[in-house]
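Visitor: I'm new to this structure and would like to learn how to read it. Could we go through it together?

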Amino acid sequence: DDYADFLWDIGDYKNAKKYYNLAIDAAADDPVYKCNYALFLQDYGEHKQALEYFIEAMNLDKDDPDYVSHCAYSYAQLKEFENAHTYYLKAIQMDDGKSQIFFCDYAIFLCESIGDMEKAKIYFMKAMEIEPDHHYPYCRYARMLRDYVGDYGESERYFLKSLDIYDKGA
């Protein structure tokens, strides 16, 4: 798996795929290998096949919301928005609302795939509330304001807040 990651990093798609498959064959019950391979496939636009491996990983570790969130992203890429909604909300529920990342992932989906800026704002604000000292939700919200809403003043305010938090080492 590590060597496959290395090959992926240097752009050797053919051999990376080969070594991911060897890792999966050697440890068929390890969801991490399946997830890493799915991320690789996703990076190359193979979303349907990536989804199959994310689902396998999710079924091997039913308690990890990361695998569920990855499935949601794959569904979004495949334009299966109802499934994406379901899986993003399931990841948030599984995490018991403890981590900002699942709220951000869903907010990004709402913004970029659905175009629902108001609902996306609610989820970004919730992410900031959960982890006020983490730069990521502020940065992603600033991007939404800049790229989709066109509110450059408010966008700059959130970008600066993100940078301030990041500079403090959060």
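This is a predicted model: local features need pLDDT of at least 70, side-chain atom pairs count only at pLDDT 80 or more; totals for chains, interfaces and linings use all residues.

Visitor: Is Gln100 buried or exposed?

Guide: Gln100 counts as buried, because its relative accessibility is 5%. To see what surrounds a residue, we set aside its neighbours within four places in sequence; for Gln100, that leaves contacts with Ala127, Ile130, Glu131, His134, Tyr136 and Pro137.

Visitor: And what about Asn83, which is in helix H6?

Guide: Asn83 has a relative accessible area of 31%, so it is partly exposed. H6 itself runs over residues 81–94.

Visitor: How much of the chain counts as buried?

Guide: The chain has 170 residues, and 41% of them count as buried.

Visitor: Let's step back. How many helices and strands does the chain have?

Guide: There are 10 helices and 0 strands. Reading along the sequence, you get the pattern α-α-α-α-α-α-α-α-α-α. As for extent, the C-alpha trace spans about 50 × 35 × 25 Å along its principal axes.

Visitor: How do I read the way two helices pack?

Guide: Look at the angle between their directions and the distance between their axes. Take H2 and H3: they pack at an angle of about 160°, and their axes are 9 Å apart. An angle over 145 degrees counts as roughly antiparallel, and that makes H2 roughly antiparallel to H3. The crossing of H2 past H3 is left-handed.

Visitor: Which residues of H2 and H3 meet?

Guide: From H2 come Tyr13, Ala16, Lys17, Tyr20, Asn21, Ala23 and Ile24, while H3 brings Tyr33, Lys34, Asn36, Tyr37, Phe40 and Leu41. Sorted by kind, the residues of this H2 and H3 contact are 9 nonpolar, 2 polar and 2 charged.

Visitor: What about H4 and H5: at what angle do they pack?

Guide: H4 (residues 47–60) and H5 (residues 65–77) pack at about 160°, with 9 Å between their axes. H4 and H5 are therefore roughly antiparallel, and H4 passes H5 in a left-handed crossing. On the H4 side the contact is made by His47, Ala50, Leu51, Phe54, Ile55, Ala57 and Met58; on the H5 side, by Tyr67, Val68, His70, Cys71, Ser74, Tyr75 and Gln77. The residues of this H4 and H5 contact divide into 10 nonpolar, 4 polar and no charged.

Visitor: Are H5 and H7 roughly parallel or antiparallel?

Guide: H5 and H7 pack at an angle of about 5°, with their axes 11 Å apart. That makes H5 roughly parallel to H7. Here Pro65, Asp66, Ser69 and Ala76 in H5 meet Phe102, Asp105, Phe109 and Ser113 in H7. The residues of the H5 and H7 contact comprise 4 nonpolar, 2 polar and 2 charged.

Visitor: How should I look at aromatic rings?

Guide: Check the spacing of the ring centres, then the angle between the planes. The count for this model comes to 21 aromatic pairs. One of them is Tyr20 with Phe40, a tilted pair at 5.1 Å centre to centre, with 40° between the planes. The pair links distant parts of the chain, 20 residues apart: Tyr20 is in H2 (residues 13–26) and Phe40 is in H3 (residues 31–43).

Visitor: Are Tyr20 and Phe40 buried or exposed?

Guide: Both Tyr20 and Phe40 are buried. They also belong to one aromatic cluster with Trp8, Tyr13, Tyr37, Tyr44 and Tyr53.

Technical notes: Residues are numbered from 1 along each chain as its sequence is written. Side-chain values use heavy atoms; hydrogens and water are left out. Axes are lines fitted to C-alpha atoms, for helices over the stretch in contact, and angles run from 0 to 180 degrees between N-to-C directions. Helices (H or I, at least four residues) and strands (E, at least two) are DSSP runs, numbered from the N terminus. Angles under 35 degrees count as roughly parallel, over 145 as roughly antiparallel, 65 to 115 as roughly perpendicular and the rest as oblique. A crossing is left-handed if the near helix is turned anticlockwise from the far one by less than a right angle, and right-handed if clockwise. Contact means heavy atoms within 4.5 Å. Ala, Val, Leu, Ile, Met, Phe, Trp, Tyr, Cys and Pro count as nonpolar, Asp, Glu, Lys and Arg as charged, and the others, Gly among them, as polar. Rings of Phe, Tyr and Trp (its six-membered ring) pair if their centres lie within 6.5 Å; planes under 30 degrees apart count as stacked, over 60 as edge-to-face and the rest as tilted. Buried means under 20% relative accessible area, exposed over 50%, partly exposed in between (1.4 Å probe, protein chains only).
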